[in-house]
Amino acid sequence: MNTDKPNSQLPADDFALFREAISGTSQFKQDTVQQARRQTRFKGEVIAEQKKQHQAEFYFSDEYVPDIDTHGTVNYVRPGADKYLAKQLRRGDYAPELILDMHGMNKETAKDELAALIHACKKQHVACACVVHGIGERVLKHKVPQYLVQHPDILAIHQAPLEYGGKGAVLILVDLPQNMEFRR
């Protein structure tokens, strides 16, 4: 704003009066902080998240170490289930319809995601899923099969064929209700 010429819309005496009123003031810097909008969560979302957390804590324990070999080829069939299921997984007779990529996860996040995957498989009537844990530091490579054998809805686990991740992944068979057949 040019302060030498009075504004053409204001009479000269009004402009002088205004200048006199604001004398002694200083310009302030504009505050650019904006308040973040608070995310509102529905009660149903909170309950579902708590249920998922509870299931993960209930089924997956770090203290329990099952008697499975996690250093070689991972192979597990739930007691009472057909032993042929592991061979079918190894040969690729079951194609995974859901894939969970766990790269970059820690053990606690992995537990939550495994519980969510098993829940999603049951909800969507998917019998076979693939869990890609990677190799890396081998923490998840050893822990994921140990967590999975603890869950009552897992029928079988086997190291994935190369096209689904090989040594860095496992295929799982989820126990679906009797009236549902496995999708191949």
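Colleague: In which sense do strand β2 (residues 98–101) and β3 pair, and over how many bridges?

Modeller: Two strands pair if DSSP finds at least two bridges between them. Here β2 and β3 run in the parallel sense and share four bridges. Ile99 has Cys130 in β3 as its bridge partner. From β2 the chain passes through α4 to reach β3, and this β-α-β crossover is right-handed. Right-handed means that, with the strands pointing away from the viewer, the path from the first strand over the helix to the second runs clockwise.

Colleague: Where do the names and numbers come from?

Modeller: This is a predicted model, in which local features need pLDDT of at least 70 and side-chain atom pairs count only at pLDDT 80 or more, while totals for chains, interfaces and linings use all residues. Residues are numbered from 1 along each chain as its sequence is written, and side-chain values use heavy atoms, with hydrogens and water left out. Helices (H or I, at least four residues) and strands (E, at least two) are DSSP runs, numbered from the N terminus.

Colleague: How many residues of β3 are buried?

Modeller: Buried means under 20% relative accessible area, exposed means over 50%, and partly exposed lies in between (1.4 Å probe, protein chains only). In β3, five of its five residues are buried. In a regular strand the side chains alternate between the two faces of the sheet. Cys128, Cys130 and Val132 are on one side of β3, Ala129 and Val131 are on the other, and both faces are covered.

Colleague: Which way does β3 run relative to strand β5 (residues 169–174)?

Modeller: β3 and β5 are antiparallel and are joined by five bridges. Ala129 stands opposite Ile172 in β5. β5 also pairs with β4, in the antiparallel sense and over five bridges; there, Ala156 has Leu173 in β5 as its bridge partner.

Colleague: Why is β4 described as largely enclosed by the rest of the structure?

Modeller: Because six of the six residues of β4 are buried. Strand β1 (residues 75–77) pairs with β4 in the antiparallel sense over three bridges, and Asn75 has His158 in β4 as its bridge partner. Gln159 belongs to β4, which covers residues 154–159. At 16% relative accessibility, Gln159 is buried.

Colleague: Which residues does Gln159 touch?

Modeller: A contact means heavy atoms within 4.5 Å. Leaving out residues up to four places away in sequence, Gln159 touches Gly72, Thr73, Val74, Gly166, Lys167, Ala169 and Val170.

Colleague: What is the phi of His125?

Modeller: His125 has a positive phi of about 60 degrees, although it is not a glycine. His125 sits in the loop between α4 (107–124) and β3 (128–132). With a relative accessible area of 31%, His125 is partly exposed.

Colleague: Where is Glu113, and is it buried or partly exposed?

Modeller: Glu113 is in helix α4, and at 27% relative accessibility it is partly exposed. Glu113 and Asp101 are 12 residues apart in sequence, and their C-alpha atoms are 9.5 Å apart in space.
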